[in-house]
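Subject: Handover of a structure

Dear colleague,

Please find the structure below, together with its sequence. My notes on it follow, and I would ask you to read them with the structure open.

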Amino acid sequence: MKELKTRIINNCLPVRFFRNLQELGDLVIKDWRSVIEKLYPQDTVSGCSGLKRSHEHACHEAWAETLCRRFVPWDQSRQLFQTLDKFAFSTTSVVKSHDLVVPERTSEVERTSKNQEEKSILLLCGARGCGKSSLVASWLQDFTKKNPRVVVVPFYVGASSTSTDVRSFLRHCTLYLRCAYYGMEVGWMEKSEGAIESLPFPQAVQVFIAAAGLGPCVLVLDGLDELDRTLGLSSHEVKDLQWLPCPLPAQCKLILTTTVSDLSYKSISCRQDAHVLRCPSQLDQDVRGRICLKHLAMPYKEIPKSLQESSMANKQSLSPSFLSLVGSELQTCRVVRDEEELLEEYVEAHSIQELWALVIKRWTQDYSWGVEETSTNKRTVSLSCEPPTGQQGWVWDVLCLIRLSRCGLREEEILSLLETLGYCGSLRVLPLDWAVFRSAAGHWIQERPGGLLCFTHQSLCQAVDLHLLTFSQENPIGPKTFNSNKMAFHRILAQFFQQQQRTPCKRVFLELPWHLEQSQSWGDLYTFLSDHGSIDFFCRNSKQFPQLKTDLHRYWRLLAKKGYDPLVSFQSLLGQKTEDCTSESEGRKSTITFIGRVK
């Protein structure tokens, strides 16, 4: 330590003193804030300033940056970049040629260029985990830097809590295009966003198509296979894509990514206005080795040749997601495990799901403990709420909680939920315990803007569903076990957010009714939606958070099928007297407006 201090002083670096860890933390935060402000000053945001300052836009940018950091280029990726460039340039015929940086043509591009110019959709498909998302994100980063005047609208399914709803994609593109061609201000954008969200789905599509026809634009939808149901359409109808006109406006080009096993692939490949492009596998062993090295923590760290040869011998090593998972495990496992023994176990996996099962097993064994585990340092505790997953440990429970939350969970919320599950006293999960686990799972559990933690890859979501929620030590494996475990976690999350209902916020109103629906607590859902405070919050914030209005319509449709009448509920609410006549008058006015919107 003395040597380090001497080196700092000799290098003429600024020296500041601190008396305790709190002061040190404050100094570090102050330094980071100054660096962030220097690199990303708030007054330098240009263009669609209102949109670029939105939370949704920040989520998509953060997601794209994560994908770009993981991307490892290879020979065929450069050809794919040029193919994507050519497709994007085909919509910019009205833009002057000197505004564009046209890439050099290759033979592959020449063969497909004429065909692409006649198509309005380019579908990049492949197996899950083959690198489609990182490739598209890296291409977008390169293309937008070289051609800033081309209007490009990226949308990544999974980047935010509402991104799996196709309405979010339509709304995002519509607002971005209006902003690009009309220069809309923030106030106009908020009004426009609320108006779009309240439209029936066919009209929302028409508004989207009208915005796409305003001028040359390139729309990118990454993760078409992960889209879910929306108000008025089931998940099957969304992926069937009958709602998407054929063809699109002449100056609009749409780039999509999906898996070959999904319904959306069949729907798009049958369209005459679509060009299908397959994402090739990683055949070069040198490229696959660089993908593993990309996920090692220490710079210039190399994988021993024997370990590298073992990992490359597995057929699954052709998948970048497999290599990424192996690389991230080699980054952290050496602290508690022997690398060679662990890798020998991993290379025996015949699929990415089998590998995830082994990784999750290691996490639970190395970083976790159960609520009834006893040792010299731990004691048995009586649980107020029995963990639905059995005695598998807190890492097991954390993965389930994050997976089943609608928007993700903050660190402090997870630690609080663990205490509810019985991890308190000597079994309490300390910040240090949490930090050790986060370092191991850092590549796969990402913190969104706003502090919410979520999974970064669909393969982990599937692994949690397959290997966590369906497995129990005491109960047989099957649909009943899956549903009961799943509903038990939803009830725990519902109880947690019910405790926060006294301080209304968007987060509570997004999470609580969702978990009440998933746990089939119809009576509690009816009581929540009929509460005067809930109605007041919905009315005051429906324009600011359009997703709330869509959710409200869907919840009342479900309740109507269960025998709950919203009109009767609101009529009885109007008849209630309050002590404050002024607030009663304002409440009736808001509620009457609210009833009209629901009807």
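In this predicted model, the axes of helix H24 (residues 522-530) and helix H26 (residues 546-561) come within 11 Å of each other. They cross at roughly 135°. An angle over 145 degrees would count as roughly antiparallel, and one of 65 to 115 as roughly perpendicular; H24 and H26 are therefore oblique to each other. Their crossing is left-handed.

Which residues make the contact? On the side of H24 they are Trp522, Leu525, Tyr526, Leu529 and Ser530. H26 contributes Leu552, Tyr555, Trp556, Leu558 and Leu559. Sorted by class, nine of the residues in this contact are nonpolar and one is polar, while none is charged.

Glutamine 520, which is not a glycine, has a positive phi of about 60°. This glutamine is found in the loop between helix H23 (506-518) and H24.

Leucine 241 likewise has a positive phi, of about 60°, without being a glycine. Its place is in the loop between H11 and E4. Is leucine 241 buried or exposed? Its relative accessible area is 5%, and the limit for a buried residue is under 20%, so leucine 241 is buried.

The loop between helix H11 (235-240) and E4 also holds proline 247. A cis peptide bond joins this proline to cysteine 246, with omega at about 0°.

When its neighbours within four places in sequence are left aside, aspartate 262 is in contact with Asp225 and Lys239.

Finally, some values for the whole protein chain. The chain has 28 helices and seven strands. Of its 599 residues, 50% are buried. Among contacts between residues at least 6 apart in sequence, 73% join residues at least 24 apart. The chain exposes about 30,200 Å², and carbon and sulfur atoms supply 52% of that area.

Yours sincerely,

A colleague

How values were computed: Residues numbered from 1 in each chain as written. Predicted model: local features only at pLDDT ≥ 70, side-chain atom pairs only at ≥ 80, totals over all residues. Heavy atoms only, no water. Helix = DSSP H or I, 4+ residues; strand = E, 2+ residues; numbered from the N terminus. Buried < 20%, exposed > 50% of the residue type's maximum accessible area, 1.4 Å probe, protein only. Contact = heavy atoms within 4.5 Å. Areas by Shrake-Rupley, 256 points an atom, 1.4 Å probe, with all protein chains shown as cover. Axes fitted to C-alpha atoms, helices over the stretch in contact; angles between N-to-C directions. Parallel < 35°, antiparallel > 145°, perpendicular 65-115°, else oblique. Left-handed = near helix turned anticlockwise from the far one by under 90°. Nonpolar A, V, L, I, M, F, W, Y, C, P; charged D, E, K, R; others polar.
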